[in-house]
Amino acid sequence: MENTMESLIRIKKKLHEASYKLTPQRETTVLVLLENEKDHLSAEEIYMLAKLKAPDIGLATVYRTLEMLTELKILDKISFTDGLARYDMRKEGAKHFHHHLLCLECGDIEEVEDDLLIEVEQVVEDRFKFKVTDHRLTFHGVCHRCLDKK
């Protein structure tokens with residue numbers, strides 16, 4: 001797994017290839033995302049954490065950075081049952097967005113890296129003549145920690 005600095009260098013390179021610069025505000029936003037990669041943060045949560053690092057950063061700057069990173073497929077924008085848009089770093093070399101397990105009791109979100117839908121994609125492509133370029137899957141249920149409490 002990449003460390004934070006390797007990831008930052010990789011992202012800086014992708015931005016440069018797309019004719020963007022890694023400004024200090026963008027770097028702060030990216031660092032917050034990398035340091036909290038497992039947390040699936042909302043834009044407001046990212047902004048609050050970025051503000052701790054760079055008090056002069058603006059919410060609009062964070063939103064624009066998140067949108068740009070999403071367009072460049074560095075980030076994925078996802079929604080769960082709370083209705084908030086949340087952001088998730090796309091894994092280097094990943095063909096597809098990874099899957100999630102959402103606990104309806106505690107709200108915990110776990111990531112599933114295995115691509116579980118290869119056969120389903122093939123059926124969709126063959127039967128419906130539809131070229132699948134990506135997919136998103138969230139399993140809703142109760143996590144093992146909540147089950148153990150019962």
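A crossing of two helices is called left-handed if the near helix is turned anticlockwise from the far one by less than a right angle, and right-handed if it is turned clockwise. The model examined here is a predicted one.

**Exercise 1. Overall layout**

Task: State how many helices and strands the protein has, and in what order the elements run from the N terminus.

Solution: The protein contains six helices and five strands. Read from the N terminus on, the elements follow the order α-α-α-α-β-β-β-β-α-β-α. For the extent, the C-alpha trace spans about 50 × 45 × 30 Å along its principal axes.

**Exercise 2. Helices α2 and α4**

Task: Describe how the axes of α2 and α4 are set to each other, and determine which residues meet.

Solution: Two packed helices are described by the angle between their axes and the distance between the axes. In this pair, helix α2 covers residues 24-35 and helix α4 residues 59-71, and their axes come within 10 Å and cross at roughly 70 degrees. Angles of 65 to 115 degrees count as roughly perpendicular, and α2 and α4 are therefore roughly perpendicular to each other. As for handedness, α2 passes α4 in a right-handed crossing. The contact brings Gln25, Arg26, Thr29, Val30 and Leu33 of α2 against Thr61, Val62, Thr65, Leu66, Met68 and Leu69 of α4. Sorted by class, the residues of this contact are six nonpolar, four polar and one charged.

**Exercise 3. Helices α2 and α3**

Task: Give the angle and axis distance for α2 and α3, then the handedness and the residues in contact.

Solution: Helix α3 spans residues 43-53, and α2 packs with α3 at an angle of about 115 degrees, the axes lying 9 Å apart. The crossing of this pair is right-handed. From α2, the residues Thr28, Thr29, Val32, Leu33 and Glu35 meet Ile46, Leu49, Ala50 and Lys53 of α3. The class count for the contact of α2 with α3 is five nonpolar, two polar and two charged residues.

**Exercise 4. Helices α1 and α2**

Task: Classify the arrangement of α1 and α2 from the angle at which their axes cross.

Solution: Helix α1 (residues 4-17) and α2 have axes that come within 10 Å and cross at roughly 135 degrees. The helices α1 and α2 are therefore oblique to each other. Here too the crossing in which α1 passes α2 is right-handed. Thr4, Ser7, Leu8 and Ile11 of α1 make the contact with Glu27, Val30, Leu31 and Leu34 of α2. These residues divide into five nonpolar, two polar and one charged.

Notes:
Residues numbered from 1 in each chain as written. Predicted model: local features only at pLDDT ≥ 70, side-chain atom pairs only at ≥ 80, totals over all residues. Heavy atoms only, no water. Axes fitted to C-alpha atoms, helices over the stretch in contact; angles between N-to-C directions. Helix = DSSP H or I, 4+ residues; strand = E, 2+ residues; numbered from the N terminus. Parallel < 35°, antiparallel > 145°, perpendicular 65-115°, else oblique. Contact = heavy atoms within 4.5 Å. Nonpolar A, V, L, I, M, F, W, Y, C, P; charged D, E, K, R; others polar.
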